[in-house]
Amino acid sequence: QVQLVESGGGLVQAGGSLRLSCAASGRTFTNYAMGWFRQAPGKEREFIGKISRSGTLTQYADSVKDRFTISRDNAKNLVFLQMNRLKPEDTAVYFCAAISSYYSTTYEYEYWGQGTQVTVSS
């Protein structure tokens with residue numbers, strides 16, 4: 001019902017910025033809250049943050065809350081992850097995901113993108 005495609009990843013030096021995009025298909029995009037996750041090789045997937053259906057409510061993990069910003073453009077079926085002051089430990093594959101309730105747990109996300117690689121060099 002929802003197809004998600006991430007883009008915008010790449011190689012960046014520490015202290016730099018990247019803006020990731022997640023494009024959603026279908027007419028049901030506004031029915032879903034959206035989350036961002038990341039996963040480094042050999043490690044568990046990590047929750048980054050989420051945004052409500054309207055885009056007025058957001059929440060971030062402590063590790064990124066002072067550097068990352070999530071926003072969405074419902075008219076264009078897009079959700080964004082603005083990443084500033086990047087660190088080498090931010091290196092990971094970044095995923096967007098859709099969930100029917102903003103208050104659901106990370107285990108209840110219904111749709112996932114395939115991910116985009118972010119590599120931060122020192």
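Which side chain meets Asp90 in a salt bridge? Keep that in mind while you open the model, which is a predicted one.

**Stop one: Asp90 and Arg38.** Select Asp90 and show its side chain. The partner you're looking for is Arg38, and the salt bridge between the two spans 2.8 Å from N to O. Now colour the chain by secondary structure. Asp90 sits in the loop between β8 (78-83) and β9 (92-99), while Arg38 belongs to strand β4 (residues 33-39), so this pair ties together parts that are 52 residues apart in sequence.

Is Arg38 buried or exposed? Arg38 counts as buried because its relative accessible area is 7%, under the 20% cut-off. Glu46 has a relative accessibility of 31%, so Glu46 is called partly exposed.

**Stop four: Asp62 and Lys65.** Finally, jump to Asp62 and Lys65. Here's another salt bridge, with the closest N and O atoms 3.3 Å apart. Look at the surface again: both Asp62 and Lys65 are exposed.

**Before you close the viewer.** How many salt bridges does a search of the whole structure find? The count is 4.

How values were computed:
Residues numbered from 1 in each chain as written. Predicted model: local features only at pLDDT ≥ 70, side-chain atom pairs only at ≥ 80, totals over all residues. Heavy atoms only, no water. Buried < 20%, exposed > 50% of the residue type's maximum accessible area, 1.4 Å probe, protein only. Helix = DSSP H or I, 4+ residues; strand = E, 2+ residues; numbered from the N terminus.
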